[in-house]
There are 4 protein chains.
Amino acid sequence: MHGEVPVNWPAQRASRENSVIKESVIKDPGLAPEGQRKIDWAAQHCPVLNTIAKDQLADGSLRGRKVAVTVHLEAKTAYLAVLLHEAGADVTVTGSNPLSTQDAICAALVERGIRVFATHDPSEEDFERYIHMALETEPDLLLDDGAELVGRLIESHPDLLDKVEGATETTTTGILKVRAMTGEGVLPFPVLGINEARMKHLFDNRYGTGHSSIVSLLANTNLFLSGARVVVMGFGWVSRGLAKYAAGFGARVVVCEPDPVKLLEAHAEGYEVMNSLEAAEVGDFFLTGTGNVRVLRREHLERMKDGAILANAGHYDHEFDMAALREMSVAEREVRENITEYEMADGRRIHVIARGRLLNSGAGDGHPVEIMDLTFALHALGIHHLASHAKEIQPGIQPLPEALDQGVARIKLDTMGVKPEELTEEQIRYQQSWRSEQSTPE
Amino acid sequence: MHGEVPVNWPAQRASRENSVIKESVIKDPGLAPEGQRKIDWAAQHCPVLNTIAKDQLADGSLRGRKVAVTVHLEAKTAYLAVLLHEAGADVTVTGSNPLSTQDAICAALVERGIRVFATHDPSEEDFERYIHMALETEPDLLLDDGAELVGRLIESHPDLLDKVEGATETTTTGILKVRAMTGEGVLPFPVLGINEARMKHLFDNRYGTGHSSIVSLLANTNLFLSGARVVVMGFGWVSRGLAKYAAGFGARVVVCEPDPVKLLEAHAEGYEVMNSLEAAEVGDFFLTGTGNVRVLRREHLERMKDGAILANAGHYDHEFDMAALREMSVAEREVRENITEYEMADGRRIHVIARGRLLNSGAGDGHPVEIMDLTFALHALGIHHLASHAKEIQPGIQPLPEALDQGVARIKLDTMGVKPEELTEEQIRYQQSWRSEQSTPE
Amino acid sequence: MHGEVPVNWPAQRASRENSVIKESVIKDPGLAPEGQRKIDWAAQHCPVLNTIAKDQLADGSLRGRKVAVTVHLEAKTAYLAVLLHEAGADVTVTGSNPLSTQDAICAALVERGIRVFATHDPSEEDFERYIHMALETEPDLLLDDGAELVGRLIESHPDLLDKVEGATETTTTGILKVRAMTGEGVLPFPVLGINEARMKHLFDNRYGTGHSSIVSLLANTNLFLSGARVVVMGFGWVSRGLAKYAAGFGARVVVCEPDPVKLLEAHAEGYEVMNSLEAAEVGDFFLTGTGNVRVLRREHLERMKDGAILANAGHYDHEFDMAALREMSVAEREVRENITEYEMADGRRIHVIARGRLLNSGAGDGHPVEIMDLTFALHALGIHHLASHAKEIQPGIQPLPEALDQGVARIKLDTMGVKPEELTEEQIRYQQSWRSEQSTPE
Amino acid sequence: MHGEVPVNWPAQRASRENSVIKESVIKDPGLAPEGQRKIDWAAQHCPVLNTIAKDQLADGSLRGRKVAVTVHLEAKTAYLAVLLHEAGADVTVTGSNPLSTQDAICAALVERGIRVFATHDPSEEDFERYIHMALETEPDLLLDDGAELVGRLIESHPDLLDKVEGATETTTTGILKVRAMTGEGVLPFPVLGINEARMKHLFDNRYGTGHSSIVSLLANTNLFLSGARVVVMGFGWVSRGLAKYAAGFGARVVVCEPDPVKLLEAHAEGYEVMNSLEAAEVGDFFLTGTGNVRVLRREHLERMKDGAILANAGHYDHEFDMAALREMSVAEREVRENITEYEMADGRRIHVIARGRLLNSGAGDGHPVEIMDLTFALHALGIHHLASHAKEIQPGIQPLPEALDQGVARIKLDTMGVKPEELTEEQIRYQQSWRSEQSTPE
C-alpha cells in the first residue's frame, strides 16, 4: 500500500460526489521541506516562467479554473504547477511515469495547497487510479504528457468531456494519439502541440538532451572522454546534441545514420562517419538517440571491444537489443551504481547505463533547469491562451500560436538584457518585394 | 570591341539559319592551356560529378541534345559544361555575370569543342547579346542561373519556347521569377529548383560560403582573427557558416538577428548576442549574410571603432549602406588590394572588402571545389532527368526529385567509402507504426 | 570510537614488538564486496598499471619488501595498493585525508590481504595514530602524499629512519617539505618527485582536473552551461583545463590572471580577458584554480549578480574569502546537495559548491580513472625503481628518471595500439647538428 | 644588373671613406607609393609598436645611433625600421632572404630617408655585397636575423667590431651560431635572444604560423577542409598551431610525433594519433612543422592516396624528401599557382605547395600583422635597451630582460583596455611562503 490513501477508496473509480477526491494522495507529507528546497532551486533559474507568471498568468484569466496536470513529478515540473496555482487556478497534479515521481516534491506541492495524486513507484493499479482521480476533479483545462489524460477522459469519462475546454500536449506520441482521436471525431476540444514549437524542439531535444546526457554519462562512469571514441547512433536533433557535447569534451565522435544527407552533414562538421558494423569495432562509448528500435543489435554486440559502454538518450528503452545482450552473456552484475556489466562467453565485458533507459533522467536529474524553463513557458502560455480563447479554436491538434512561441524567445532575451534587431521599414518592404523578386543567401 | 566576334554579326539578334551561331565568341583562344589547367584541378576534386558522368550521363540520353548553360564562367562551372559535352550533348555556354567570366576558361572550353559566348567584363550590350546568341542555338534544355535564359526566352524568343523541354535553376531569385511566370501562364515547361535540394543549401550556403568567406577575409587582410571580435549580421544558413568558421579560428563571435528564436540558438551555441547598435561599438570585423538590405547603416557606421573592417557574404552588394559611408567620409583610398579605406571626418578609418560585393568570389576563388561538386551534381542529374522525363513533369517550378537529392549524397558517401545505415525490416515497420503510435526523441 | 580497534591498543603509539600491528583497523569488513566492485571498475580502466604489473612489478624485486602507502583511500588508489601487494610486497595502507577514506574500499583491501589503518572521518587522534601504525610496520619504501609519512618518520621514529630506502611523493607540497628536510640534512634517503613528471602534471593537473570539475559542476547544479558566462580565475595548468572544458560545453569563458603573457594566451585562445573586478559583475559561474589565496574577495562578492555560483578546483579551500561571504550574508542554507546559498543583505543570493573545497572530489568521484592510471603508473614505477636502485641515488628530492616518465607514455600508447615516430639515423644526426647549427620552428 | 648601384662600386668591399655608402641601392624608387600604402596598413595594426614608439623610443636614447637591420623586407618589418628611424636612429636596412625582399617596400623606406641595400631576387654576389654595405655604415647596434650581420662582422670586418655595442637576434639558428662564437671568445658585445622571450615563441611560432599557414593552404588550393583528414607532422609549438587551426576549420586532424608524451597530449586534445606510415595512407593533406629533416620520405610517398597535398610550415624546405619525390615521378607540372603536381608511375598524383618552402610566406603574406607587432616590439625594446645599457651586459647571448618581455604583454593588454589582476599583499606573501610550505594545483 502506498501513501495515505483513504481506507474506503473504491477499487475501480471514485464517485464524483465523494468529497475524498479533494484530498491528495501522496507518500509522506514530512518530506515537504526537502521538496520545497528543490523547487526553490528550480524557481530561481526559471526567469521566463517567472516573467510569464507576473505579466500574463496574473491577469485573472486562470482564477478558479480547474487545471489537471500530468507530468514527470520532479522539481522543475512542480514549479510549473505552483505558478498555475498562484495564478488562481485550482490545480490537480498526477505523475506521467511511475518511476519519475519524487515523493518529496509531491509533499511540497500539497503543502502549498495543490492537490496531488502520485507516489513514487506505485502499483500499476494505483498509478492508473491516480490519473482517474485527477480527471474526476472535473478539470476545465488539461496539461498532458503522452495523451494520458485526454485518452482516459474519452475512454472512461465521457460525461466529463464537455466540461473540458482545451489541453496542451508535450510529446509527439501524444500528438499522434490525439490526431487519431480527432480523425475518429471523438475529440470536442483543441489540443495545442507543444513539441512542434521551435522554442521546444530546437532547445529541449537538441541542447537539453545532449548536455544532460553527457554530464550523466561522465558522472556515472568516472571515465575520461577526451580522446575516446564515441559512436553516436543517428543525426537528428537529439543525436546532434550528443555529438556536439561529446566533441566539446574532446571525444572523437563517430556518427552512424541512414539518411545520406544527414550523414554528410555530420562529415562536414568534422565527425567521422561510418556504418555501424564498422563503428561497433572501434567505439569506446555508444550513444543512441534515434527514436527507432534496436539500432544496436546482436551483430553489433558481437563486434564490440571489451569494456564498451552503451547508453541511451532516446525516449524509449528499446534502442539496444537488451534481449540479445542477455542471451549472449554468461554473467550480469552491477559494477557501479547505474552500470550493469554483461560478461560475454568470450570474456568481453559490455556495460549498459541505466539499463538502457533515458541516460539523463534515468541516471541523473534530467534536462537542465533553464531548458525546462523554456518548455514549460510554452505550456504555461498555452494553458493561459486556452483559458480565454479555447472556444475560438478548432477542435483537434493545433499549433501553439507563433506569437506565443516567439513570445517565449522574446521574454528569454529580455531577461538576458538583449534586444533583437528591429527591421527597418525599408527592410520589411524589401523582404516582401524579395519574396517576389530578390535572391537570398539562405 | 571584345573577342573575335565575326564581322557581320547582326546587331539585334542572329537569324537562326545563320550558321555563324555555331562559332564561339571569346576573348583569346591562346589562353586555353591556362584555362585547361584550372579545369583539371577542379576535375580532380569533383568525385561526385565524375561518378555521375560515368554512371548516369553516359547512358546516351543526352546525346545530341542541345543544352544552353548560363553560369559564373570559372573552372568549377566549366567542368560541368565539359561533362555534359562529353555525354554527347551539344553545349552552349554563356556567362551569368559580366565580371565573373574568366577568359582562359572560355578558351579552354572552346578548345574542347564547346560553344561559348562570353568575355570578361563585356559592354552591357555585348553581355546581353551573348545570352541571346545562346538562346538562338535553339536549346532543348536550359541550365539557368537567375532565370537569365528562361526570362529572355519568354520575352524575346516566343518562337523557340516550344522547343525547350525543361530547365534547372540554381538560385532563389530565379525560382521566384519562374514562379511568377508560371502564375501568368506563360511557361510551358518544368523548371527544377536546385536551391531547395538539401544537398544544395545545407552545404553550399552554409559550409561553402562560410569556409571560403573567412579564408578570403584573412588572405586579403593579413590580419589575426583569434581573439578578435567578429560581428555576424543574421543567423540563417549563410551567417551560421560565417559564425562557425570565424569561431573555429578563435574569434569571439557576436550575432545580431531579428528572429528571437534564431538569436537564442546563437546564444546556446556560445556566441555573444546583442543588438547591432551595441555590436557596432565593439566589433573588429563585421560580416553580413542576411539577404536583406542596408543591415549596416549610418547609425552603425557612426558608432564603429577606428579600423573596423566590413565584408559581405550575402548575394547582393547592398547589405552595407555604401552611400552613407561615402557621404560620411572625407577621403577614400585603396589601402591594399581589394580593401578600400574610408576616412571619417572624426579621423576614424573604416575598411570595406571587395567594395561590399561577395567576399568569397569578389576577393577570392569562390566556394571550395568539393562543395560545387555537390551543387553541380544536382544540376547534372536534373538536366539528365529532364532529358528523358521532362514530358511527364508539370510545367512550372518543381522540386528536384528527392531520389536525385539523396542520390548525390549516396554517391558522395560512396566515393568516400562510407556506407550509411540500412534500416532493418523491423525498423521500417516501427517507423511506420511510430507515425501513428510512438514518440520520438526528435 | 571508530572501527574494530583492538581493546588494548596503547594510547600514544604501539610498541613495535606488539604483534597487534599486523592486524588492520577498519570500519566494517562486511563492506568488502561493494569495495571490491568499485576497485574492479577502476582496474578495468587502468591499462597502464595493468601492463606495468605484468611487465615490471612481477620481476620479483618487490617480493617481501615492506611498502607503506598513504593515499586518498578510494577505488583508484586502492588498485595501486592491490598491484603492489600482488607483486609480492608487504603493503600497509593509511589515508591521506580524513574525509576521503571510503570504508568499503578499506574492507576490500583487507579482504585481499592488505594491511589497512583507516576509517572514514576518524577523530584527529585516530587519524594521527593510523599513520604512526603504518610507520611502525617498519617499511622499506614509502609512497607518500604531502610528506605525511616522511615527516612523521623523521620527527617521531628516528630509529626507523635507516631502514627506509626511498619514497615517492605525489604533491608539490610534499616536495617542498622534503626539500626543506634535505636542507637541514635530516633525510638519509631519496624521494622521487612525481608531480614534476610530464605524464603527471600535463595530464592530471590539466585534463584531469578540468574534465572532472566541469562534470561535477553540472551534475551538482543541474544547470545549463551553453551561453553562460564562466569566469575562470588563473590561467595555469588547472585553470586552462577548466576553461577548455567549460568552453567545450558552450560557455563563454572569461579569464582573469595576473601574468600578462598568460592573459594574452587566453585572449588568443578566444577567451574574453578582463580584470576580476569587471568579471565579478558579469559572471554566472566563478571557477578558481590558482593555488593562491582569496582570489575572490569581498570586493568581488559585492559586485556579483544574484544567483552567482562559486566553485573551486584548486587544492586548498581558501581561494574564496569564505569569512567575508559569511560576514556579508544574512542567511545561509543548503539549497541542494553540496550547494550552500548565502543570502546577502541586499537580497542577492550567492551559491558555493562543496563549501569551497575541491569541486571534483568534494562533490564528485575525483579525477577520471584513466588519468589516475597514468599518475599511479609513475608511482608504481618509482617504487619499483627504488626497490632495486635506491642505494645508487643521492638522498633528497630527485626527479623520476626521464626514461620512466617516457616509459609510462610508451606503455599507454602501446595499449592504444599506437606507435610513435622513430627518428631516422639522419634525423638524429640532424638534431644533434641542429643543436649547433640549425634553426627550428619551435 | 640590379637596381641603381653606383658605377664604380668596388667589387670586394667599400672603403668606409667612400661617401657612396650613404646612398641606397634599390630597384625602383617609383614604387614608393605602393610600398608606403602597404606599410601604412601594417602600421595601423601595430598598436604595441606604436605605443613603444611614443613612450620608449622617443626618449632620445636612439638619437644619432647607427642601427643596421637585416630582415625579411616586407611591410611589417619595414615598419619597425621606420619607427627606429623616427626615433632619431640612423637606420640601414638590408634583406635577410633574397626572395622575400619586396622592391616597393624598399622604395618607400628610401623615400622616408632610410638607407636600404636590397633588391628582390639579387645575384648571390649582390646579396652578399648588400650585407657588407650595411656593415660598412659602421653601426652601433645590430638587429639581426640568423646572425647574418654578426657573423660577417666577425669574419670580414674585425676593425668595426669594437664600435658595435650590442645586437638583437630573432632566430634560434642565429642564437646557436652566436653561442658558438661566444665559446670561441670572438664576440665582444651582448646579443639579446628574442626567440626565447615568451611573447615571441608562444605567439609567433604557435598562433602566427598556424593561422597564416592554414589560410594560405586554403587560399591556394580552393579546397574544403571540413571533414578532410589533415596529417600534422610533429607536435611542438608550430605543429600545435597547425593542428589547432585545421581542427577549427572542421578537419579531422592526425598527429605523428616521436615524443610519446607529446603524442598523448595530442590524443587528449581529441586528435587522432598514429605512426606516419599509417597516416600516409589516410591523409588528404600533410603539413610539416617539425624543424627536422625528411620527415616525409619515400616510404610515405609510396603509401599516399592519389591527390595528396603536401605543405610545409617549418623553417627550412627539407621536411619533405623532394629528391625522392622527383625520382619517383614520371611527370611534374604546375597545376595552379604555387602548386606543383608530381605524377607517379602508378598514376597517383601528389601535390606540393610552394615547392616545400614555408607555406605562409612562400605562398602568402606571412604571419598576421598583429603577431609581428609583438615580435618586433621585443626587438624595438631590445635595441632601445642596448642603446643605454649595452655596456652593463655581459658579452654573448643574453635573454631579453623579463621586464621587457612582460612589458610588451602589458602594453598589448593596455591597447586592448584590459587590466591584468594585481596580486594583493597577502597573495604575494602567500606565494612566497607557498614556495616553502604550500601546494599548488599547477
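A nonpolar core is taken as a set of buried Ala, Val, Leu, Ile, Met, Phe, Trp, Tyr and Cys residues joined through C-beta atoms within 7 Å, where buried means that 20 or more other C-beta atoms, placed from the backbone, lie within 10 Å of a residue's own. The model is predicted, with local features requiring pLDDT of at least 70 and side-chain atom pairs pLDDT 80 or more, while totals for chains, interfaces and linings use all residues. Residues are numbered from 1 along each chain as its sequence is written, and chains are lettered from A in the order in which they are written.

The largest nonpolar core holds 584 residues, and Ala246(A), Ala246(B), Ala246(C) and Ala246(D) touch the most other members. Beyond four places in sequence, the contacts of Ala246(A) are Ile214(A), Leu225(A), Val230(A), Val232(A), Ala251(A) and Val253(A) (contact: C-beta atoms within 7 Å).

In chain D, seven strands form an open sheet with parallel pairing in the order E3-E2-E1-E4-E5-E6-E15 (strands are DSSP runs of E, at least two residues; helices are runs of H or I, at least four; pairing needs at least two bridges). Strands E3 (115-117) and E15 (396-399) of chain D each have a single partner strand, so one side of each lacks a neighbour in the sheet. Strands E5 (166-169) and E6 (190-193) of chain D are joined by three bridges, with Ala167(D) opposite Val191(D).

How values were computed: Buried ≥ 20, exposed ≤ 12 C-beta atoms within 10 Å, placed from the backbone. Contact = placed C-beta atoms within 7 Å.
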